[in-house]
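Please have a look at the model first.

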Amino acid sequence: MSTYTTSWTVVPEPFTTPDATALRRAYYAEVAGRYWKRTATEAEIDQGMLDDPADDLVPPTGRFVVGRLHGEPLSCGGIRLLDPVTAELTRVYVDPRARGTGGGAALLDVLEAEGRALGAERVRLDTRSDLVEARASYARQGYREIPAYKSGPYAEHWFEKRLV
């Protein structure tokens, strides 16, 4: 667990809780809306969650965490093992109302600690060009751009950070 001076608390939580589900829906709404350049519909969000389930974000191969600012759930993220020494971040989200408050750093600190607990020596992620804030946050937290380690329709930038 990590607590920040701005009252961020980030702890593991099942991805199925009401707070975690609401945050995952907000994540999909934002990334889909930005990609399509319009507001995502509830049906599109439902389909996105079906197409990309979070079933692998549970022990012993993954974790999901929720961050709260002054007790309000405003961030989330998942980490999963790709292989015994490589973890991958997914569904990393900070509510726009809480950006700039240290929530992203708090979230990444806990996700990296969870990755170490899973045995990972490095963590990777992919993101899109239009998610400028996310890319800047990863760079501030010590992630460096690497060549593509996987392909996908929404993967345009790949990052890695050593955990050991």
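The points below go through these topics in turn.

This is a predicted model, in which local features need pLDDT of at least 70 and side-chain atom pairs count only at pLDDT 80 or more, while totals for chains, interfaces and linings use all residues. Residues are numbered from 1 along each chain as its sequence is written, and side-chain values use heavy atoms, with hydrogens and water left out.

**The largest pocket**

- The largest pocket has a volume of about 1,300 Å³. A pocket here is an open set of points on a 1 Å grid over the protein atoms alone, where a 1.4 Å probe fits, with protein on both sides within 12 Å along at least five of seven lines.
- Its lining holds 49 residues, and Tyr27, Val31, Arg91, Val92 and Leu131 lie nearest the centre. Lining residues have an atom within 4 Å of a point.
- By type, the lining divides into 22 nonpolar, 13 polar and 14 charged residues.
- Helix H1 (18-36) is one of the elements that supply at least two lining residues, and H1 gives the most, with eight. Helices (H or I, at least four residues) and strands (E, at least two) are DSSP runs, numbered from the N terminus.

**A nonpolar surface patch**

- Tyr35, Trp36 and Tyr154 form a nonpolar patch with about 320 Å² of accessible area together. Patch residues have over 30% relative accessible area and no salt bridge, and nonpolar side chains are joined within 5 Å.
- Tyr154 sits in the loop between strand S7 (144-146) and strand S8 (157-162). Its relative accessible area of 43% makes Tyr154 partly exposed (buried is under 20%, exposed over 50%, partly exposed in between, with a 1.4 Å probe and protein chains only).

**Salt bridges**

- The whole structure has 21 salt bridges, each a side-chain nitrogen of Lys or Arg within 4 Å of a carboxyl oxygen of Asp or Glu.
- Asp56 pairs with Arg80, their closest N and O atoms being 3.1 Å apart. This pair links distant parts of the chain, 24 residues apart, with Asp56 in the loop between H2 and strand S3 (62-69) and Arg80 in strand S4 (residues 72-83).
- Arg80 is buried at 14% relative accessibility, whereas Asp56 is partly exposed at 29%.
- Asp130 and Arg128 meet in a salt bridge of 2.8 Å, N to O. Arg128 is buried at 6%, while Asp130 is partly exposed at 26%.
- Through shared partners, salt bridges join Asp56, Arg80, Glu88, Asp126 and Lys150 into one network.

Notes: Grid points are joined across faces, edges and corners, and a volume is the space filled by probe spheres set on the points. Ala, Val, Leu, Ile, Met, Phe, Trp, Tyr, Cys and Pro count as nonpolar, Asp, Glu, Lys and Arg as charged, and the others, Gly among them, as polar. Patches are made of residues with over 30% relative accessible area and no salt bridge: like charges are joined within 9 Å, nonpolar side chains (Val, Leu, Ile, Met, Phe, Trp, Tyr) within 5 Å. Accessible areas come from the Shrake-Rupley method with a 1.4 Å probe; for residues, only the protein chains shown count as cover.
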